[in-house]
Amino acid sequence: MPASPSTARAINDRLALRLLQQEGPLTAGQLKQLTGLSRPTVADLVERLGAAGLIEVVGEAGERRRGPNAKVYGIVADRAHLAALDVRTEGVAVAVADLVGRVLAEASVPIAGDAGTGPALEQAVTLVERVVKEAGAERLHTVGIGAPGLVDPSSGELRDSTGLPEWHRRLVATLQERLPDAGVSVENETNLAALAEQRDGVARDRDTFVLLWLGHGTGAAVVLDGALRRGASGGTGEIGFLPVPGTTALPTSTDCEGGFHSLASSAAVVSLAAECGMPAKSSEAGVVRAAVDVVRGAVAQVGQREAGSAGPAPAVALLDALADRLAVGVASVVAILDPGCVVLGGEVGQAGGEELASRVRDRLARMTPLPTEVRATTLGGGAVLCGALLTARDRAQEVLFTPGEPPSRSSPGW
């Protein structure tokens with residue numbers, strides 16, 4: 001059945017808004033060309049979207065022609081403000097952006113493990129409020145949170161996970177109390193990192209891939225046919241619990257020690273470096289920074305090798321041994337999912353870069369008949385904050401770009 005006039009207008013409006021979001025400011029003529037709509041239809045939708053406060057004139061086209069220059073239209077960026085949070089066991093990072101995703105302010109704060117639930121929550125929420133103020137935003141429309149642990153696919157809530165601080169689970173409710181006008185949602189950190197890699201990172205050309213997160217712990221995100229797969233309980237990608245050879249025990253339902261985590265976590269990388277004769281320097285920033293520094297140092301030393309040499313023995317030994325360990329976990333994932341591409345993500349994946357990725361790729365080729373690319377992240381640990389911001393922006397635009405009576409500046413959710 002043909003669409004009703006109101007439905008057709010809504011479809012056209014959303015199409016134009018998506019183009020303005022993806023392409024940036026456009027003239028009415030460019031909108032006509034990109035949408036295939038008639039000139040009168042484009043003129044009508046521009047008038048409607050302007051009256052709704054969603055687009056505005058942001059300049060003029062610089063073309064030399066007779067008559068006035070064409071007006072250039074763009075999304076009203078300050079129509080809504082968004083916040084993204086990257087929640088870790090040792091702290092939280094916050095970014096505040098406008099409706100088109102331009103970051104206006106960001107900051108992070110460490111949170112001690114013995115801080116206590118109440119003080120930890122207050123530190124996190126206070127940081128959000130401070131960054132909102134620094135961004136010049138009156139209020140937040142949408143908040144996206146990335147956190148370790150399982151997110152229940154039916155409720156969207158962070159499940160109780162052994163080993164994670166209690167303040168993680170209480171953060172969403174606390175933010176909703178302190179920011180009653182904002183929509184707040186939480187997603188597993190590795191899933192958000194995969195979204196960021198697909199939209200803005202190294203997996204932009206892939207609709208099927210697996211992201212292997214290498215940070216404080218290990219995790220995996222699975223994207224199949226363009227869709228993120230969470231599993232029945234939200235546990236898809238809990239690769240830390242994967243039983244693998246090379247460990248001294250098996251994981252349990254409450255402890256991933258003995259699983260792949262024991263081979264690839266930051267603590268495991270630091271221990272491996274010492275075994276290879278390249279001990280990591282202690283870091284006040286924690287074990288992740290120590291692992292990143294030692295892997296990055298090994299990559300730098302190998303990169304400076306003389307022609308015809310393999311490089312300094314400890315550096316080569318560390319990268320080879322780490323690649324051996326990672327290939328075991330990657331091969332297991334490839335055998336089940338055949339993703340065609342695996343991204344080594346997280347802080348350690350970024351530190352290893354192509355030197356580490358190429359080693360994993362070579363080992364994988366000997367372990368499986370399934371052709372699989374292995375790529376190093378281009379976003380590193382920042383992928384979680386990037387993914388949380390992308391998710392917040394998508395949700396905000398879904399609300400604001402939906403046809404209907406536009407909310408006023410004083411109404412909830414604006």
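Tutor: Gladly! Keep in mind that this is a predicted model.

Student: Which residues touch the most other members of the largest nonpolar core?

Tutor: That core has 44 residues, and Leu212, Val295, Leu318, Leu326, Leu344 and Val360 touch the most other members. Helix H10, residues 313-337, gives the most to this core, with 11 residues. Apart from it lies another core of 33 residues, including Val92, Ala124, Leu179 and Val186.

Student: What makes Ala323 count as buried?

Tutor: Buried means under 20% relative accessible area. Ala323 has a relative accessible area of 0%, so Ala323 is buried. Ala323 is found in helix H10, and, residues up to four places away in sequence aside, Ala323 touches Leu356, Arg359, Val360 and Arg363. The C-alpha atoms of Ala323 and Val360 are separated by 5.0 Å, although the two are 37 residues apart along the chain.

Student: What makes H6 roughly perpendicular to H12?

Tutor: Helix H6, residues 189-200, and H12 pack at an angle of about 80°, and their axes are 7 Å apart. The class of roughly perpendicular runs from 65 to 115 degrees, so H6 is roughly perpendicular to H12. Among the residues that make the contact are Leu192, Ala196 and Arg199 of H6 and Val384, Gly387 and Leu390 of H12. The residues of this contact of H6 with H12 divide into 9 nonpolar, 2 polar and 6 charged.

Student: Staying with H12, how do you know whether Gln397 is buried or exposed?

Tutor: Gln397 has its place in helix H12, residues 383-400. The cut-off for buried is under 20%, and Gln397 is at 0% relative accessibility, so Gln397 counts as buried. Leaving aside neighbours within four places in sequence, Gln397 is in contact with Arg18, Gln21, Leu99 and Thr402.

Student: And why is Arg130 called partly exposed?

Tutor: Exposed means over 50%, buried means under 20%, and partly exposed is in between. Arg130 is at 39% relative accessibility, so Arg130 counts as partly exposed. Arg130 is found in helix H4, residues 117-134. From C-alpha to C-alpha, Arg130 and Thr27 are 37 Å apart in space, and they are 103 residues apart in sequence.

Student: One more pair: at what angle do H2 and H3 cross?

Tutor: The axes of helix H2, residues 28-35, and helix H3, residues 39-51, cross at roughly 120° and come within 9 Å. The contact is made by Ala28, Leu31, Lys32 and Thr35 of H2 and Arg39, Val42 and Val46 of H3. By class, the residues of the contact of H2 with H3 divide into 4 nonpolar, 1 polar and 2 charged.

Technical notes:
Residues numbered from 1 in each chain as written. Predicted model: local features only at pLDDT ≥ 70, side-chain atom pairs only at ≥ 80, totals over all residues. Heavy atoms only, no water. Core = buried A, V, L, I, M, F, W, Y, C linked by side-chain atoms within 4.5 Å. Buried < 20%, exposed > 50% of the residue type's maximum accessible area, 1.4 Å probe, protein only. Helix = DSSP H or I, 4+ residues; strand = E, 2+ residues; numbered from the N terminus. Contact = heavy atoms within 4.5 Å. Axes fitted to C-alpha atoms, helices over the stretch in contact; angles between N-to-C directions. Nonpolar A, V, L, I, M, F, W, Y, C, P; charged D, E, K, R; others polar. Parallel < 35°, antiparallel > 145°, perpendicular 65-115°, else oblique.
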